[in-house]
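Trainee: Could we go through this model together, one question at a time? I would like to see how each answer is reached.

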Amino acid sequence: MTRWVMIADLRRCVGCQTCTAACKEANGTPPGVQWRRVLDIEAGEYPEVSRVFLPTGCQHCDNPPCQEVCPSGATGKRADGLVTIDYDVCIGCAYCIMACPYEARYKVTEPDWAYGAPTALDQARYDPAMVGVATKCTFCIDRLDAGLKAGLQPGRDPEATPVCVQGCLSGALRFGDLDDPDSDVSRLLAENQWFRMHEQEGTGPGFYYLWDGKRGLI
Amino acid sequence: MKQMATARRQGYWDLRAAGNFIGGGTGTGLVLTAALAAAAGHPADLPLAAGLGCVMAGLSLVWLEIGKPWRAFNVFFHPQTSWMTREGILAGPLLAVGAGAFLFHRPELLAAAAVLAAGFLYCQARLLRASRAIPAWSTPMVVPLIVATALAEGSGAFLALTAPAPVMVGFALAAGLAREAFRHLYRRELVRAKAPDGTLAWFSRPEVHVLQAARLASLALLAAALAGQPTAMAGGILAMLAGWGLKAVMVTRAAYTRGARIPRTPVRGRGTSRIVAPS
C-alpha cells in the first residue's frame, strides 16, 4: 500500500511563502485562494514570545470530514490517501468548507485575476470547471500520477513531487510514502517529534509537523 | 503559553443559507403544529399550506446560493453520510405528502407529513452539527436548539395564522420555554468548549440582546394570552421573528472557524519547545 503524506519541519520553515507562490503559479488559483498557505503565528507573551511559520492546506485526512458531508459525492478519497474533488459533480454548496477544520477549501463564484485583465499565464491556467465549485490542494496529483507512470519516485524525483515541496528553499516541506519505511518521510517521523493539527478531531491528517528531534537520535 | 487567534468568520454561507434554516425551521414547525392542532380538532389547513411554502422558500434560497444550481440534483448522491443529502431526500416526500394532506384532508397523510417534517428538521440540525470547521455549529447542543427553535417559530406562526386555541397557545409557550432553556445550555457549552472569541463576542452584542428581549417578550405575551389577554398573535409573531434572528446570527455572524492551532512551538537554535495551551 501507499500513503502519501507531507511533512513541514517547523524548525526549518522561514515563512518565505515560496511554497505559496509555487502553488499559485502551478495551479493558477485566483486571488484570495491559497491552496498552500503559510501562517505567521505568534505564541506567548512578551518577553517570552515565539513566532512560528505554519505551512498548511488540505491535510488529505484518513477520515476526511469534507467527504463525509459532501452531498454530491464529488469529494472522494483514493487508496493512496489523496482526497480528491470531481469538479464535474460538485454543486458548489460549500458544505465541505464548513466541515474542514483546516480551512483548506475555497470557492469562487466568478473568474478573477490578480492584475485586472487576465495575463497570458492566467489564460493558460484558467479552468472554467473550477469556478462555482469547491477547490483545494491536490498534492499536485497530476504531477504525482504522471511521475509514477514514468517510473519516478515522488518525494525524491522533482518532476513527481508537489511543487510546494519542490520550491521550498529551506527543505522544511517534505513529501513521500508513509507506508515505505525507507522513505524520507518515514525516516523523519521516526527520528523526530511531531504533531498533527486538530488531532483530537479524529480526522487522521496526512500532514505532519516536526518540532524537535528525539533525544539521543539527533 | 497561548497562541494568537487565527479563527475567522466564514464567508461562504450568507443570508440565503440562513434562509434555508429559517424557512425549513418555521415550515417544519408549522407542519408539526398543524398536525398537533388537527389532532386536537382545530382547523389546520392554512398553517399546513404556509408551512410547506416556508420549506419550499428555504430550499429555493439555498438553491440560489450554490455555485452550480443546474446540478442541484447531484445533492441526492450521498445519503450514506451526508445530512444535506438526507435533508434533500426528505424534502420531496414532505412537500408531496403535505400537499396531499392539504388537498384531501386525510389525517393519515397529515400524520405522515408531520413525521417527514420532523425528519427534515432533524436533518437540518444534524447538518449544522456536522460542520466541524465552525464550533458554533458543531457543538452537540445545536441539535436540540435548532429543533426547539423550529417548534417555537412554527407554533408562533401558527398563532398568527389561526384563531388561537388555548392548547395551541400553551404549546407555543412550552416551545418558547424549551428554546430558552436550550439556548442557555448552548451558550454555556460554547463557553465551556472555548469557542472562538469572535463567536462568544457575537452572543454578547447589543443586537443579540435585542433578540433575547424579543424572545422573552414573546413568552410574556403568550403567558398573558393563556390568562385570557388578546396577545397570542403578537406573542406568536415575536417568537417567530426572534427565531429568525437567532438563526441569522448563528449562520452568518457568529460562525467563526476553529483556526489553526499548534500544541508546541518548534525548537530553534539553543531554545526549547514550549507547550501552547488552547486559547
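Trainee: Which residue has its backbone oxygen 3.1 Å from a polar atom of the side chain of Ser186(A)?

Mentor: This is a predicted model, where local features need pLDDT of at least 70 and side-chain atom pairs count only at pLDDT 80 or more, while totals for chains, interfaces and linings use all residues. Residues are numbered from 1 along each chain as its sequence is written, chains are lettered from A and ligands numbered from 1 in the order in which they are written, and side-chain values use heavy atoms, with hydrogens and water left out. A polar contact is a pair of N or O atoms within 3.5 Å; within protein, one must be able to donate a hydrogen and the other to accept it, and residues adjacent in sequence count only if both atoms are side-chain atoms. For Ser186(A), the backbone oxygen at 3.1 Å belongs to Leu178(A).

Trainee: With which side chain does the side chain of Ser186(A) make a polar contact?

Mentor: Contact in general means heavy atoms within 4.5 Å. Not counting residues up to four places away in sequence, Ser186(A) touches Asp177(A), Leu178(A), Asp180(A) and Pro181(A). The side-chain partner in the polar contact, at 3.0 Å, is Ser183(A).

Trainee: Is Ser186(A) buried or exposed?

Mentor: Buried means under 20% relative accessible area, exposed over 50%, and partly exposed in between (1.4 Å probe, protein chains only). Ser186(A) has a relative accessibility of 12%, so the residue counts as buried.

Trainee: Against which strands do the buried residues of H7(A) pack?

Mentor: Helices (H or I, at least four residues) and strands (E, at least two) are DSSP runs, numbered from the N terminus. Ser186(A) sits in H7 of chain A, residues 184-191, and the buried residues there are Asp184(A), Val185(A), Ser186(A), Leu188(A) and Leu189(A). In chain A, they pack against S1 (4-9), S8 (173-177), S9 (192-195) and S10.

Trainee: How many salt bridges does the rule find across the interface of chain A and chain B?

Mentor: A salt bridge is a side-chain nitrogen of Lys or Arg within 4 Å of a carboxyl oxygen of Asp or Glu. Glu103(A) and Arg8(B) form one, with their closest N and O atoms 2.7 Å apart. Over all chains the count comes to 23, and across the interface of chain A and chain B it is five.

Trainee: Which element supplies the largest share of the side of chain A that touches chain B?

Mentor: Across the interface the rule finds 30 residue pairs in polar contact, both at pLDDT 80 or more. Elements of chain A that each supply at least two residues to this side include S3 (48-57), H2 (65-69) and S10 (207-213). The largest share, seven residues, comes from S2(A).

Trainee: What is the area buried between chain A and chain B?

Mentor: Buried area is the accessible area (1.4 Å probe) that two parts lose on being put together, summed over both. Here 54 residues of chain A are in contact with 48 residues of chain B. Carbon and sulfur atoms give 58% of the buried area, which is about 4100 Å².

Trainee: Which residues in chain A lose the most area to chain B?

Mentor: Together they account for 18% of what the chain A side buries. They are Ile91(A), Tyr95(A) and Met98(A).

Trainee: How many residues apart are Arg3(A) and Asp62(A), and what joins them?

Mentor: Arg3(A) is buried at 10% relative accessibility, whereas Asp62(A) is partly exposed at 38%. Their closest N and O atoms are 2.8 Å apart, in a salt bridge.

Trainee: Which residue of chain A is in contact with Phe76(B)?

Mentor: Phe76(B) lies in the loop between H2 (45-65) and H3 (83-104) of chain B, and at 33% relative accessibility it counts as partly exposed. Leaving aside neighbours within four places in sequence, its contacts include Thr85(B), Gly88(B) and Ile89(B). The contact from chain A is Pro71(A).

Trainee: How many of the 20 residues of H6(B) are buried?

Mentor: H6 of chain B (residues 142-161) reaches 28 Å from its first C-alpha to its last, close to the 28 Å expected at 1.5 Å a residue. That expected span is 1.5 Å times one less than the number of residues. The helix is largely enclosed by the rest of the structure, because the number of its residues that are buried is 15.
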